[in-house]
Structure formats: C-alpha cells, structure tokens
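Morning, everyone. I have one structure to walk through today. Let me put the sequence and the model on the screen.

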Amino acid sequence: MSMSDPLADFLTRIRNAVRANFDTVEIPQSQLKVNVAEVLKKEGYIKDFQLMQEGVQGAIRIELKYGPRREQVITGIRRVSKPGLRQYRKSQDVPKVMSGLGLGILTTSKGVISDREARRLNVGGELLCEVW
C-alpha cells in the first residue's frame, strides 16, 4: 500500500511511541527520514538511531530520549508543510518555534537543517515540521 505522506507517518510513529513510553520505535527507511532523524539527534530530541537492512526498503530504529524521571523530551511534534499545501519560508521569515524553545526542521539547498542553522546560514526552504 502506498502512503501519500511518509513524513507524517514518521512523525506520528514517534509521537505515539513517546506517549506510550516506548524506548525504541522502528520506521520504514527513506533518505528524508534519515536526514530528519539526524537533525533530531543533533538537537538532542532523540538518543540515537540505527539503520537496519530489513527487506527491500530497510528500517530506522530510533532510541527515544526521556528525562531523569521518565518525562518526555518530545512533548509535541507536528507536520507543517503537507502534500496538499506546501509551506516555504524565506531566510528572514524562518519562524522560531515556541519563542526559540522548540525546533523547526527545514529542507533547504544546504540539506535538511534546523531553524537555528537556517537562520545562521541565511537560507530559506520548505518548513517540514516543528518539535517542542
């Protein structure tokens, strides 16, 4: 079965796993999902991820991160740019998620990067999702 928005499925699986207090979650692999997972790891929202060669497509195993008393690090995650309505931002219009406490993930000419990195590099792009 083909999926109309694989990135939304990726985010939903992470959201559901965090709410259910799972330690890991497995997600079908694609290059965009790997790039988003790299940004989440670099910004400290997940512990780590591994690429696994299962079947034709492969999978990504994401180790979720929790606080010292098992409180959620990712309290919210949402898709911004959707297949039916793409959301592009100029370099000066890249938003700060929750006044800088959250994270925006963009796909730009420099690759998939965080909103802070996009402002530092002065590049715009498609705002994929927001995490807080």
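**Strands first, then helices**

β2 and β3 are paired in the antiparallel sense, over 6 bridges. Strands here pair if DSSP finds at least two bridges between them. Helices (H or I, at least four residues) and strands (E, at least two) are DSSP runs, numbered from the N terminus.

Some ground rules. This is a predicted model, where local features need pLDDT of at least 70, side-chain atom pairs count only at pLDDT 80 or more, and totals for chains, interfaces and linings use all residues. Residues are numbered from 1 along each chain as its sequence is written, and side-chain values use heavy atoms, with hydrogens and water left out.

Back to that pair. Isoleucine 46 stands opposite leucine 64 in β3. β2 and β3 make a hairpin with 6 residues between them. In the turn, glycine 55 has a positive phi of about 65 degrees.

Now the other partner of β3. Strand β3 (residues 59-64) and β1 run antiparallel and are joined by 5 bridges. Isoleucine 27 sits opposite isoleucine 60 in β3.

What is the strand order of the open sheet of 3 strands? The order is β1-β3-β2, with antiparallel pairing. β1 (24-28) and β2 (46-52) are at the edges with a single partner strand each, so one side of each has no neighbour in the sheet. On average, neighbouring strands of this sheet are turned by 20 degrees against each other, direction ignored. For angles, axes are lines fitted to C-alpha atoms, for helices over the stretch in contact, and angles run from 0 to 180 degrees between N-to-C directions.

Next, the helices on this sheet. Helix α1 (residues 6-19) packs on the sheet and touches β1 and β3. The direction of α1 makes about 165 degrees with that of β1. Helix α2 (residues 31-42) also packs on the sheet, touching β1, β2 and β3. The direction of α2 makes about 155 degrees with that of β2. Contact means heavy atoms within 4.5 Å.

Let me check the helix lengths. The expected span is 1.5 Å times one less than the number of residues. α1 has 14 residues and reaches 20 Å from its first C-alpha to its last, close to the 20 Å expected. α2 has 12 residues and should span 16 Å; its end C-alpha atoms are 17 Å apart, which agrees.

Which residues of α1 are buried? They are Leu7, Asp9, Phe10, Leu11, Ile14, Ala17 and Val18. Buried means under 20% relative accessible area, exposed over 50%, and partly exposed in between (1.4 Å probe, protein chains only). The buried residues of α1 pack against β1, α2, β3, β4 (77-79) and β8 (125-131). In α2, the buried residues are Lys33, Val34, Val36, Ala37, Val39 and Leu40.

What follows each helix? After α2 comes glycine 44, with a positive phi near 85 degrees. After α1 comes asparagine 21, with a positive phi near 60 degrees. Asparagine 21 is in the loop between α1 and β1. At 38% relative accessibility, asparagine 21 counts as partly exposed. Most residues other than glycine have a negative phi.

Serine 99 is another residue to look at. Its phi is near 55 degrees, a positive value in a residue other than glycine. Serine 99 lies in the loop between β5 and β6, and is exposed, with a relative accessible area of 71%.

Lysine 90 lies in the loop between β5 (88-89) and β6 (103-108). Lysine 90 is exposed, with a relative accessible area of 56%. Its C-alpha is separated by 7.1 Å from that of valine 123, 33 residues apart along the chain.

β6 and strand β7 (residues 111-114) run antiparallel, joined by 4 bridges. Leucine 106 has isoleucine 113 in β7 as its bridge partner. β6 and β7 form a hairpin with 2 residues between them.

Aspartate 115 is in helix α3 (residues 115-121). Is aspartate 115 buried or exposed? Aspartate 115 is buried, with a relative accessible area of 2%. Not counting residues up to four places away in sequence, aspartate 115 touches Val94, Pro95, Lys96, Val97, Leu103, Gly104 and Leu106.

Last item: the charged end of arginine 70 sits over the ring of tyrosine 66, 4.1 Å from its centre. That label needs NZ of Lys or CZ of Arg within 6 Å of the ring centre and within 35 degrees of the ring normal.
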